[in-house]
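Please look over the chain below.

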Amino acid sequence: MTASLFVRDGNVVTPTELSTGPWSEDSLHGGPVAALLADALESLPTPGPMFPARRTVELLRPVGPHPLRLDPPVVRAGGKGQ
């Protein structure tokens with residue numbers, strides 16, 4: 001048994017059995033999914049030191065136990081005055 005929630009291979013992460021939710025083997029628990037999103041967002045390049053003030057993850061449907069590609073787009077660069 002592996003000790004990680006996901007196995008990373010470049011921009012692709014594959015969930016392990018530890019990420020499975022208690023309701024179904026066909027869906028992931030929301031906690032590991034939220035942690036994965038937080039890690040992806042915090043690893044984006046920024047012009048200076050930044051920290052998240054608040055983060056909300058709302059899953060509109062179950063996330064299946066299949067490989068996921070992490071390629072978050074920057075829609076609008078933040079900063080004061082923008």
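The report covers confidence, then the fold, then the charged pairs.

This is a predicted model, in which local features need pLDDT of at least 70 and side-chain atom pairs count only at pLDDT 80 or more, while totals for chains, interfaces and linings use all residues. Residues are numbered from 1 along each chain as its sequence is written, and side-chain values use heavy atoms, leaving out hydrogens and water.

The pLDDT (the predictor's confidence in each residue, from 0 to 100) averages 86 over the chain. At least 70 is reached by 90% of the residues.

Helices (H or I, at least four residues) and strands (E, at least two) are DSSP runs, numbered from the N terminus. Three strands form an open sheet in the order S1-S2-S3, with antiparallel pairing; strands pair if DSSP finds at least two bridges between them. S1 (6–9) and S3 (68–69) are the edge strands, each with a single partner, so one side of each has no neighbour in the sheet. Strand S2 (residues 12–15) pairs with S3 over two bridges. Val 12 has Arg 69 in S3 as its bridge partner. Helix H1 (residues 30–42) packs on the sheet and touches S1, S2 and S3; contact means heavy atoms within 4.5 Å.

There are two salt bridges, each a side-chain nitrogen of Lys or Arg within 4 Å of a carboxyl oxygen of Asp or Glu.

| Salt bridge | N to O distance |
|---|---|
| Asp 39 – Arg 8 | 2.9 Å |
| Arg 55 – Glu 42 | 3.3 Å |

Asp 39 is in helix H1 and Arg 8 in strand S1, 31 residues apart. Arg 55 lies in the loop between H1 and S3, and Glu 42 in helix H1, so this pair ties together parts 13 residues apart in sequence.

Key. Axes are lines fitted to C-alpha atoms, for helices over the stretch in contact, and angles run from 0 to 180 degrees between N-to-C directions.
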